[in-house]
Amino acid sequence: MENSMENQVNEARSGNTAALNALMQSFKPLVKAKAKEYYLQGGDLEDLIQEGMIGLYKAVQDYAPAKGSFSAFAGLCVMRQIQTAIKAAARQKHMPLNTSLSLDESPQEGNETLANKLTDYKNNDPETLLLSLETYATINNFINQNLTELERQVLTLHMNKKSHKQIAEQLGKTTRSVDNTLQRIRKKLKTIM
């Protein structure tokens, strides 16, 4: 049986699409079983199955009979591809935290926070007030031109000291959706700070 599988692998590698499709279909249950053993941050089971199928395709391309049976080699390739995808997702997990702009912290030492620039313009002398109003107008124009309606709503509620949970409840969204929206807002606002 292994010889017929090796022949099918050789045919698939040489461009026989029917042989490749047959191999992919016959090994799909193995890929699904391997995928169910793992969890992908920010993804779902279908993403893991897709990664496993990529691993299976690589197994077809890289298989040599000296490496043992194709079934064992394919299982190893599928598992490694899934693990690689999980590791890549884990590396990306903290990227928004490392590259985001806080609305409550200054992006540069000695500068005002964005939150203060938007709210503290009332308590200054006329010159400072004029400069603050210009800054406010610049930021306001940027917000109106670059933020979506949802992003503007979330930003307004956030600036009014609402928690993620309160914002989510008021807008009928999940707290994760609110958090993701705030990350997008921070990324966009970072371009003008």
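User: Buried means under 20% relative accessible area, exposed means over 50%, and partly exposed is in between (1.4 Å probe, protein chains only). Where does Arg 184 fall, buried, partly exposed or exposed?

Analyst: Arg 184 counts as partly exposed, at 38% relative accessibility. Before we go on, this is a predicted model: local features need pLDDT of at least 70, side-chain atom pairs count only at pLDDT 80 or more, and totals for chains, interfaces and linings use all residues. Residues are numbered from 1 along each chain as its sequence is written, and side-chain values use heavy atoms, with hydrogens and water left out.

User: Good to know! What is the chain built from, helices or strands?

Analyst: The protein chain has 10 helices and 0 strands. Both kinds of element are DSSP runs numbered from the N terminus: helices are H or I with at least four residues, strands are E with at least two. Of the chain's 193 residues, 30% count as buried.

User: How many salt bridges does the whole structure have?

Analyst: The search finds 2.

User: Helix 8 keeps coming up. Which of its residues are buried?

Analyst: Helix 8 covers residues 149-159, and the buried ones are Glu 151, Val 154, Leu 155, Leu 157, His 158 and Met 159. Just after this helix, Lys 161 takes a positive phi of about 65°, although Lys 161 is not a glycine. Lys 161 is in the loop between helix 8 and helix 9 (164-171) and counts as exposed at 68% relative accessibility.

User: Another lysine question: what is going on with the charge on Lys 34?

Analyst: Lys 34, in helix 2, is buried yet has no salt bridge. The nearest side chain of opposite charge is Glu 37, 5.2 Å away. For charge, Lys and Arg count as positive and Asp and Glu as negative, while His and the chain ends are not counted. Leaving out residues up to four places away in sequence, Lys 34 touches Gly 75, Val 78, Met 79 and Ile 82.

User: Let's switch to the nonpolar core. Which residues have the most contacts inside the largest one?

Analyst: They are Leu 23, Phe 27, Leu 56, Val 60 and Phe 70, in a core of 25 residues. Helix 1 (2-13), helix 2 (17-35), helix 3 (45-62) and helix 4 (70-93) each give two or more residues to this core. A nonpolar core is a set of buried Ala, Val, Leu, Ile, Met, Phe, Trp, Tyr and Cys residues joined through side-chain atoms within 4.5 Å. A second, separate core has 14 residues, including Ile 139, Phe 142, Met 159 and Ile 185.

User: What does Leu 56 touch?

Analyst: Among its contacts, not counting residues up to four places away, are Leu 23, Phe 27, Phe 70 and Val 78.

User: How many aromatic pairs are there?

Analyst: The count comes to 3. Rings of Phe, Tyr and Trp (its six-membered ring) pair if their centres lie within 6.5 Å; planes under 30 degrees apart count as stacked, over 60 as edge-to-face and the rest as tilted. Tyr 63 and Phe 70 are edge-to-face, 5.3 Å centre to centre with 90° between the planes. Tyr 63 and Phe 73 are tilted, at 5.9 Å and 50°. Ring pairs link Phe 27, Tyr 63, Phe 70 and Phe 73 into a cluster.

Methods:
Contact = heavy atoms within 4.5 Å. Salt bridge = Lys/Arg side-chain N within 4 Å of Asp/Glu carboxyl O.
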